[in-house]
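Open the model in your viewer and keep the selection panel at hand. The tour goes through the sheet, then the pockets.

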Amino acid sequence: MTATTRRTGFRLADLTWTEAADLIGDGLPVVLPIGAAARAHGPHLPLGTDRLVVEAVAERLLARMPLLVAPSIGVGYHPAFMDYPGSQHLEAATFEALATELIEGYLRHGAERILLLNNGISTEAPLRLAAQTILQRHGIRVASADLPRLHDDAASDDERDTSLLLAIAPALVRLDRLGETGDLSTDDEPALRVLRQPLRLTPEERPGGLLNRSGAMADASAATAEKGERLLADMVEAIAADLQQLWSDL
């Protein structure tokens, strides 16, 4: 069975350029996963947590829909965590330009439908600007899904990330260090209702930074693999439903 006749999802990295040309020519949407491959998540989770999660979601989507999943963008705009060793961060304009150029590359090859699968919060604004630039330059409306916004439970981001990793790659979770999470103290911070200030977490005292020695902002000890599996299933279901509304041939 050839790549041009089989109607399931594919990873672009696994294809030859001729197979990619055929599938792009067939009109399959290109999914661009975005998730940090090097960002602190506390002492119990790997730096690559965001990438692992977004790639797991992408894998589940391509298993059920005719999509082309592009190689992930593993770097992004993460100013709040840049002081933790191993964490990598691009300036917002650099990240926006990177995303824009990658999208334009797929458009140049004939793609007309693009989904940004974003697993980050600080990356949202630069990606919105990139999508707007694509619309203005090419008349293409890029779709986006922000995974951190797809949760409606009361759990913290740290608990959700830990649950997701327990479901995806449990061997990478340092369970013996879960008790070190949630050491961020905001006692000296004003209780603002409508005003906002930028955030920079630091493992050591630094002017303008919020001391957070663990790199995790909240307690993650209630995380379970079962919660993570439910989160994954719910995210995939929500995204797939919207994709079928947006592109009815999927």
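Begin with the five strands that form an open, parallel sheet in the order β1-β3-β2-β4-β5. Strands (E, at least two residues) and helices (H or I, at least four) are DSSP runs numbered from the N terminus, and two strands pair if DSSP finds at least two bridges between them. This is a predicted model, in which local features need pLDDT of at least 70, side-chain atom pairs count only at pLDDT 80 or more, and totals for chains, interfaces and linings use all residues. Residues are numbered from 1 along each chain as its sequence is written, and side-chain values use heavy atoms, with hydrogens and water left out.

Select β1 (10-11) and β5, the edge strands, each of which pairs on one side only. R11 has V69 as its bridge partner in β3.

Next select α2, which packs on the sheet and touches β1, β2 (30-34), β3 and β4 (114-118). Contact here means heavy atoms within 4.5 Å. The direction of α2 makes about 140° with that of β4; axes are lines fitted to C-alpha atoms, for helices over the stretch in contact, and angles run from 0 to 180 degrees between N-to-C directions.

Move to β2. Two bridges join β2 to β3 in parallel, and V30 stands opposite L68 of β3. Five of the five residues of β2 are buried, so this strand is largely enclosed by the rest of the structure. Buried means under 20% relative accessible area (1.4 Å probe, protein chains only). In a regular strand, side chains alternate between the two faces of the sheet. Colour V30, L32 and I34 for one side of β2, and V31 and P33 for the other.

**The pockets**

A pocket is an open set of points on a 1 Å grid over the protein atoms alone, where a 1.4 Å probe fits, with protein on both sides within 12 Å along at least five of seven lines; lining residues have an atom within 4 Å of a point.

Which residues lie nearest the centre of the largest pocket? Select A80, F81, I121, L199 and M217, from a lining of 44 residues. α5 gives the most to this lining, with five residues.

For the second largest pocket, select L115, A143, S144, A145, L150, A238, I239, D242, L243 and L246. β5 (143-146) and α6 (225-246) each give two or more residues to that lining, and α6 gives the most, with five.

Methods
Buried < 20%, exposed > 50% of the residue type's maximum accessible area, 1.4 Å probe, protein only.
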